[in-house]
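Work through the exercises below with the model in view, and try each task before reading its solution.

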Amino acid sequence: MNPISNDASAATNPDAHSAMDSRGMTLAGWAFQGMVVTLGLATGCVFIGVILGVIGNTDAPAGNSTLFVLIGVAALVFNTVLAFLVPAMLRSSAATRLKAAEGAVASARTWSQWPEREPMPMPLSRFCQTDQTARLIGQAMLEGTAVINLVMMFLARSPVNLMCAVVALVGVVAMFPTVGRMRNRIASVLEA
């Protein structure tokens, strides 16, 4: 293959590289990848919390720890909003592309009930790829919030920071992908 022709096709079709990456993917495969990432993010947060809890001093620091608490709460509020807003924008764009795909309207029922172990048509696979990316962005924002609050808890020994970290970690786990959730998202896009 000529590498120049690949670059030219990518320039005329921005989805050319992503289309090649998602060929042959199944619904179960997308869900499994998302599950592995979710468990990795959640486990990392738990380990960081345990390590910081073990090495930390049990005494509260001298002085006012209000700044640490405020940073943690502000991070939770700001990143929680972004963790749902940014993925929603990405999914909206993917939904528009999926609905515009050739045969999408005629295939709506078939696509929303796609067998989980069969390779998906390219428009459906691209949608799942974007959905996966959107979920990962949201989870990464919440994981960062959990880590920020765990560090603030380490510095301030504030239970408020611990609660913020737990809320952020629950948000990461709440985005856990399943085949059923993915089917519901596909059906809601195609039937809207």
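**Exercise 1.** Find which residues leucine 27 touches, not counting residues up to four places away in sequence.

*Solution.* Start from the meaning of contact, which is heavy atoms within 4.5 Å. By that test, leucine 27 touches Trp114, Glu116, Met120, Cys128, Val179, Met182, Arg183 and Ile186.

The model is predicted, so local features need pLDDT of at least 70 and side-chain atom pairs count only at pLDDT 80 or more, while totals for chains, interfaces and linings use all residues. Residues are numbered from 1 along each chain as its sequence is written, and side-chain values use heavy atoms, with hydrogens and water left out.

**Exercise 2.** Decide whether leucine 27 and threonine 26 are buried or exposed.

*Solution.* Apply the cut-offs: buried is under 20% relative accessible area, exposed is over 50%, and partly exposed is in between, using a 1.4 Å probe and protein chains only. Leucine 27 has a relative accessible area of 1% and is therefore buried. Threonine 26, in the loop between α2 (16-21) and α3, has 17% relative accessibility and so counts as buried. Leaving aside neighbours within four places in sequence, the contacts of threonine 26 are Glu116, Arg117, Glu118, Pro119 and Met120.

**Exercise 3.** Describe the lining of the largest pocket by class and by helix.

*Solution.* First sort the residues by class, where Ala, Val, Leu, Ile, Met, Phe, Trp, Tyr, Cys and Pro are nonpolar, Asp, Glu, Lys and Arg are charged, and the others, Gly among them, are polar. The lining then has nine nonpolar, no polar and five charged residues. Of the 14 residues in the lining, Arg91, Arg135, Ala174, Met175 and Arg185 lie nearest the centre of the pocket. Then turn to the helices: α4 (66-100), α6 (122-156) and α8 (179-190) each supply at least two residues, and α4 gives the most, with four.

**Exercise 4.** State how many helices and strands the protein chain has.

*Solution.* Counting gives eight helices and zero strands. Buried residues make up 39% of the 192 residues in the chain.

Notes: 1 Å grid on protein atoms, 1.4 Å probe; cavity = no way out; pocket = protein on both sides within 12 Å on 5 of 7 lines; lining within 4 Å.
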